[in-house]
Every structure is written in structure tokens, then in C-alpha cells.
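Hello,

I'm passing along a structure for you to look through. Have it open beside this message, and read on for what turned up.

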Amino acid sequence: MKKFLLILGMVTCLVGMTACGEEAATESNLQYTEADIADAPESLVEFVNQVVAMGQQTQAVEAYPDLADAISGWSSAVDEIGTYGGVTNKVIEMGSDEATVTLNVDGDLHDAEIIIVYGTRGEVTSFTVNVIKPFGELMKNAGLNTLLGMGTVFIVLILISLLISCFKYISVFEKKQADKKAAKAKGSATPAPAPVVQAPVEETVEEDDCELVAVIAAAIAASEGAASADGFVVRSIKRRTGKWQKA
């Protein structure tokens, strides 16, 4: 019995020490309580919804820079949510350095889950909007994405196969070009005809008729025994061709 009481006391001490350690570990640094932010999330969602509905995102971000993520997140999701119908559920989790609030909001097109994180001073550090879509719509979108991806792959494969099938025409074209070059080179290698050598034209040297007449007259005068050729007159000179010219 004493041993049992001793063991029970030791266990109780260990549990107490663990509890004290957990309390020390979970000491909060937050400057607000859960009650302080109880109504803040709904007010924030209604505010950003009105800002986006009126198209005053730029002015609101300039006036409230800390809400830039909230306005941007709601703007990107409002087309899928549709008309805002209010908050249907809220869960607040208080931590040591931040508080996380999860809201379920109603929309005429889709419902959404909004996760808001508050910092140590109560500032909004994160604002995430997750649109909740039914399973059928998710499967439809997944099927469309699959078809789009597979269709793109098949189209690329068809284009590649067509490109490969055109290679044979490229080889035929290259062969034709090579044959043309070979024929052209063969034609340029044909020897040119030998030039025709024309027979030289013999030029007949025209002799001076006056000198020829004087020589003939002197020869006739010598054959006649005359002292000079003054009395001789040459009327005409006729040239004769004969074998003696070739000698």
C-alpha cells in the first residue's frame, strides 16, 4: 500500500511539473484577448466586400496599407463566390504570438473558407480565401485540365511526326541539287573546239610603176644598142604569172 501511494505521488508530481512547463511554454505575447477580436473578422470581411463591390480597392489600400492582402485576396475570389451572404461559422485559435480565425462564408455561386491571422498587436498579417467547390465541379475541372494537357502532348507528337516524315523530301531535294551541280561541273569540263587557223594571206608588194618602167626601158635600150632610153615609150605593163616567180 505504501509503495502504491509513493508511486501515485511521483506520478502526480510529474503531471504537475508537465502542466507547469506547458503553461510556461504557452505564455502569450498577444496584446489582446479572444473577446477583443470576436467581432473583428466579420467586420473585416464585410468591409473588404464593400470596397471591392464599389471598385475602390486603390483608395482603400492607400488608406489602410495593412489590409492590402485582404482586399487583394477577396478581389481575386469574389467572382467565384458571387454575392456575399454572411458568415456561417467561426473558429478562433489563440496562440502565443498570433491568433488564427477561420470563417465559413456563404455565396450564391460558391461558399468559401477564409483564414485570417492576427499579429501580436492585432494587425492582420495574413488573409487567405479558399473557394469551396463541389466534388463534381472539381472532377470536371480536373478532367478538362487532363484533356487539355493530353491534347497538347498529342498535338506536339503529331507535329513532330509530320516533321520527321518531311525528311525524305529533304534528301530528295538535296540529291537533285547534287545532280545539278555534277551535271554543271561535267559540262564545264568538256574541251573547247580548237580554233581554226586561217592560212596566211600573201601580200603582194606593189612595186612602183615608175621604177619598173625605167628598168624596162633601160633593158630595151641596151638590147637595141641605143645610148639612152629617151626615145622609148612604155604604153602598158601586163603582169604574167609563171613558174619563174616561184623560183
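Met150, Val153, Phe154, Val156, Leu157, Ile160, Leu163, Ile164, Phe167 and Ile170 together make a nonpolar surface patch of about 950 Å². Please keep in mind that this is a predicted model. Two helices, α5 (135–165) and α6 (167–188), each supply at least two residues of the patch. The most comes from α5, which gives eight residues; Phe154, for one, has its place in that helix.

Now for the chain as a whole. Its secondary structure comes to seven helices and four strands, and along the sequence they follow the pattern α-α-α-α-β-β-β-β-α-α-α. Of the 247 residues, 17% are buried. The chain exposes about 19,200 Å², with carbon and sulfur atoms supplying 61% of that area. Among contacts with a separation of 6 or more, 46% join residues 24 or more positions apart.

Which residues of α2 are buried? They are Pro41, Leu44, Val45, Val48, Asn49, Val51 and Val52. Seen down the axis of α2, the buried residues fall within an arc of 165 degrees, so they line one face of the helix. Their cover includes the helices α3 (57–63) and α4 (68–81), along with the strands β1 (84–94), β2 (99–107), β3 (111–118) and β4 (124–132). Just after α2, Gly55 takes a positive phi of about 70 degrees.

Happy exploring!

Methods. Residues are numbered from 1 along each chain as its sequence is written. This is a predicted model: local features need pLDDT of at least 70, side-chain atom pairs count only at pLDDT 80 or more; totals for chains, interfaces and linings use all residues. Side-chain values use heavy atoms; hydrogens and water are left out. Patches are made of residues with over 30% relative accessible area and no salt bridge: like charges are joined within 9 Å, nonpolar side chains (Val, Leu, Ile, Met, Phe, Trp, Tyr) within 5 Å. Accessible areas come from the Shrake-Rupley method with a 1.4 Å probe; for residues, only the protein chains shown count as cover. A salt bridge is a side-chain nitrogen of Lys or Arg within 4 Å of a carboxyl oxygen of Asp or Glu. Buried means under 20% relative accessible area, exposed over 50%, partly exposed in between (1.4 Å probe, protein chains only). The arc is that of the directions from the helix axis to the C-beta atoms. Contact means heavy atoms within 4.5 Å.
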